[in-house]
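Here is a walk through one structure, taken a step at a time. Keep the sequence and the 3D view side by side as you read.

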Amino acid sequence: MPKVVTLALKEVKLSVRDVGAMVTMLVTPLVLTMAIAAAFGTGTGGLSNVPLLVLNQDDGQMSRFVWEALTAQNVEDLLAAEMVYDEADARARVEGDAAAALVIIPRGFSDRVVPVVGRVREVLGIDLLSLDAESAEALPEEVQEEIGRLVLESREPDADAVVVEIYASPNWRISAGVVRGIVTQVLEQMSMTAQGTTIIIEELIARGAPGPEAGEGGAEWFPGVADGGFESLADRELPVRVEIVSPTGRGFRWLDYSATSMAILFLMFAVTAGGRTLLAERQAGTLSRLLVSPTPAVAILAGKMGGIVVTGLMQVLVLWGATTLVGSYWGAPLGVVAAIVVLVLCASGVGALISAWAQDVGQAGTIGTAVTLVGSAVSGTFFPRWNLPAWVQNLSLATPNAWGIEIFSALQMGRGLDGILPLLGGALGLTILYYVVALIGFRRQFA
Amino acid sequence: MSLVEARNLVKRYTADGPKAVDNVSFEIRDGEIFSLLGPNGAGKTTTISMLSTLIRPTAGTALVNGYDIRTEPMAVRRSIGVVPQDLALYGKLSGRENLRFWGEMRGLGGPALWEEIDEKLALMDLTDRAGDRAETYSGGMKRRLNLAIGMLGNPPLMMLDEPTVGIDPQSRRHILDYVRELNRAGAGTLYTTHYMEEAQELSDRIGIIDRGTLIALGTLQELTQMVGEHEMLRLQLYQPEAGQALVDGVRGLEGMHQASAADGEVVLSVAAVETTLPQVLTKAADLGLSIRNVEIREPNLETVFLHLTGRALRD
Ligand SMILES: Nc1ncnc2c1ncn2[C@@H]1O[C@H](COP(=O)(O)OP(=O)(O)OP(=O)(O)O)[C@@H](O)[C@H]1O
Ligand SMILES: [Mg+2]
């Protein structure tokens with residue numbers, strides 16, 4: 001077996017047997033991710049008074065249900081909804097982070113949601129939604145017939161659905177998810193209303209309207225009933241979609257974001273601890289013993305770093321598997337694997353750098369912890385990266401954490417391996433830089 | 001061919017610092033046990049570190065098994081076994097795993113290595129605990145494992161740097177016996193120690209090193225002859241702190257060659273015990289000191305050291 005491999009295996013064995021290291025590497029990040037999953041699993045944890053704009057372009061009545069839902073008592077503390085009328089101004093407010101999101105209820109919304117209601121109102125001036133079985137029966141027969149005709153007409157499926165757009169600021173990503181949840185809920189309720197309307201009409205038919213054998217007037221529309229036309233109306237999905245759109249076009253889930261950023265944070269802890277073992281070996285005398293064995297110093301270093309990389313890979317792979325089990329999404333597998341390899345290499349460079357320049361184990365420990373925590377904070381591990389001022393975001397690109405968050409965010413919003421190649425290249429460039437500076441330090445120390 | 005030929009070795013750890021080793025030259029012949037005897041800080045480890053290519057000499061060089069330590073370090077490393085003064089083991093690996101790892105670092109492997117590991121474990125009386133992590137071993141067991149690692153591959157030259165420091169008499173006996181056994185099997189040994197008994201018992205030849213300088217070199221007999229007719233007196237006082245006062249008091253006495261005080265003991269090198277001892281006792285009485293114990297010694301390495309440096313080996 002080549003000596004480098006022997007050295008690397010020894011490294012892995014030592015870190016696996018170190019209880020403290022295992023806790024840092026696996027247990028802590030898993031517990032933290034679980035805690036975050038628990039806190040944000042419902043999507044509302046930790047939020048209040050999220051500023052929300054509502055632009056109503058609909059001329060029907062159904063849109064008012066959306067507004068009512070967004071201002072209802074149960075979400076009163078959560079959302080601070082405001083009705084707006086100027087779309088451009090509203091979008092600008094979202095882009096400037098003055099509001100978390102803008103909900104745009106489009107023209108024709110009501111007609112699409114419950115098409116027959118709009119038609120009936122238009123043609124007969126009757127509000128179907130306010131009818132119940134009794135009052136419907138009381139309507140003149142020709143009106144009932146006319147309603148039946150309109151129902152049949154409007155059951156033709158519409159080609160395209162209307163889109164309720166949620167224009168969300170990337171810096172308020174959790175909020176966007178919450179707003180979408182509420183809007184979707186409203187639409188579901190409307191779906192029920194639509195079904196209710198259908199049932200009323202069905203009842204009209206059953207009680208008073210002429211059947212197929214009863215004469216001409218009925219014959220015109222009754223076949224539709226026989227074909228199950230009303231049922232199909234009732235079962236029909238609402239022709240309305242909710243889409244979250246944001247200025248950068250990304251989707252976001254805090255659970256995904258924190259699973260990957262936590263993994264990188266604890267990878268950093270592990271690799272800086274790994275780098276520290278070089279200094280520990282110098283203090284313990286095993287490094288001297290290695291140096292007087294017929295093994296080139298380069299092989300000793302390569303074995304050390306190789307062991308750290310293998311340990312780091314195992315760590316992040318385990319975290320990927322485990323956090324996926326609790327529901328987080330890291331991205332397309334091929335891209336994730338490439339990202340993990342590059343990020344572990346990059347992080348190991350930090351470990352090498354510290355062990356090359358620190359004076360002793362104690363100093364390396366202090367520096368390692370400081371670099372890990374500061375690097376994690378400025379790159380946005382504990383809150384969305386995009387909340388940070390631009391200059392901090394740029395500065396933090398000197399850390400593996402920032403590249404990791406950029407890469408995994410790209411993967412999580414659906415990009416594949418080819419979509420993250422430039423980012424991987426950037427991280428590799430940083431890796432090379434780390435190792436070059438580390439080598440200078442090693443030469444200085446072990447010349 | 002000699003195993004080691006050290007020529008004017010000098011080591012300064014910093015450019016303007018003192019010489020940790022100053023112009024040291026010696027030879028270790030084939031199959032010989034050569035001891036470097038010297039007190040703490042004498043330069044023993046520094047010398048071994050240069051010979052084993054861990055550090056580069058500031059000046060001078062040495063041939064080890066015929067290879068130059070400056071220009072052929074890899075060949076030197078392949079031809080020696082080093083047992084460092086400080087334990088160099090992985091506590092989280094078992095004894096067997098340590099042996100295997102270090103064996104592979106020496107370029108050994110395969111069934112031959114497994115066999116040798118079993119053999120070394122048995123020899124060092126570690127077979128029972130071979131599967132336990134080294135961190136759970138006693139001090140003596142760790143020392144024995146440390147030694148076994150250095151001997152992997154049975155190199156023609158062993159460098160043992162104070163391999164018996166801080167251990168129980170039993171483990172110490174074990175190690176000394178093993179060094180001798182190795183020597184009988186043909187291995188040359190460079191052995192450093194600050195215990196004169198060890199040097200006396202083991203060595204074919206001894207170099208006495210002090211403050212970086214090799215102050216004497218030869219067989220035990222040759223060295224003790226240097227002292228000539230002198231005998232050594234070792235006195236223990238009831239007032240250990242007054243040792244120096246007594247030394248100052250006896251210095252001018254007739255037949256007094258050297259006097260030194262250390263660890264509450266006064267060590268004197270005298271021409272003739274019969275004439276000098278009574279005077280020393282009188283002097284002690286004058287100073288109001290009472291003597292607890294007097295020991296008279298034949299010339300030995302300690303006498304030699306005292307004779308050469310005016311100090312006891314232990315300070
Ligand atoms: N790495 C170092 N840097 C600076 N000075 C050193 C270093 N190592 C040793 N020295 C100095 O060199 C001198 C010789 O030290 P060395 O370790 O060789 O002595 P030694 O004979 O092995 O002592 P001991 O019996 O205590 O092991 C001492 O004065 C010591 O302080
Ligand atoms: Mg020493």
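**A walk through chains A and B**

A:Thr260 sits in helix α12 of chain A, which covers residues 254–284. The model is predicted, so treat each position as a computed one. Is A:Thr260 buried or exposed? Its relative accessibility is 3%. The cut-off for buried is under 20%, so A:Thr260 counts as buried.

Which strands does it pair with? One is strand β2 of chain A, residues 79–84. Six bridges join β1(A) to β2(A), and the two run parallel. Within this pairing, A:Pro51 has A:Ala80 as its bridge partner. Another is strand β3 of chain A, residues 101–105. Here five bridges make the link, and again the strands run parallel. A:Val54 stands opposite A:Val103 in β3(A). In a regular strand, the side chains alternate between the two faces of the sheet.

Now move to chain B. Strand β1 covers residues 4–12, and strand β2 covers residues 19–28. These two run antiparallel, joined by six bridges. B:Val4 has B:Ile28 as its bridge partner in β2(B). The two strands form a hairpin, with six residues between them.

Look at the polar contacts of ligand 1. An oxygen atom of the ligand is 3.1 Å from an N or O atom in the side chain of B:Asn40. The backbone takes part too. A polar backbone atom of B:Ala42 is 3.2 Å from an oxygen atom of ligand 1. For B:Lys44, a backbone N or O atom lies 2.8 Å from a ligand oxygen. Taken alone, ligand 1 exposes 630 Å², and the protein buries 58% of that.

Ligand 2 is a magnesium ion. Which protein atoms are its donors? They are OG1 of B:Thr45 and OE1 of B:Gln85, at 1.8 to 2.1 Å from the ion. This pair links distant parts of the chain, 40 residues apart. B:Thr45 is in helix α1 of chain B, while B:Gln85 is in the loop between β6 (80–83) and α3 (95–105) of chain B. B:Thr45 has 31% relative accessibility, so it counts as partly exposed. B:Gln85 is also partly exposed, at 25%.

Finish with two backbone angles. Most residues other than glycine have a negative phi. B:Thr53 is not a glycine, yet its phi is positive, about 70 degrees. B:Thr53 lies in the loop between α1 and β4 (59–64) of chain B. With a relative accessible area of 10%, B:Thr53 is buried. B:Glu162 also has a positive phi, near 40 degrees. Its place is the loop between β7 (157–161) and α6 (169–184) of chain B. B:Glu162 is buried, with a relative accessible area of 5%.

How values were computed. Residues are numbered from 1 along each chain as its sequence is written. Chains are lettered from A and ligands numbered from 1 in the order in which they are written. This is a predicted model: local features need pLDDT of at least 70, side-chain atom pairs count only at pLDDT 80 or more; totals for chains, interfaces and linings use all residues. Side-chain values use heavy atoms; hydrogens and water are left out. Two strands pair if DSSP finds at least two bridges between them. Helices (H or I, at least four residues) and strands (E, at least two) are DSSP runs, numbered from the N terminus. A polar contact is a pair of N or O atoms within 3.5 Å; within protein, one must be able to donate a hydrogen and the other to accept it, and residues adjacent in sequence count only if both atoms are side-chain atoms. Accessible areas come from the Shrake-Rupley method with a 1.4 Å probe; for residues, only the protein chains shown count as cover. Donors are N, O and S atoms within 2.8 Å of the metal (3.2 Å for Na, K and Ca); water is not among the atoms, so sites may look incomplete. Buried means under 20% relative accessible area, exposed over 50%, partly exposed in between (1.4 Å probe, protein chains only).
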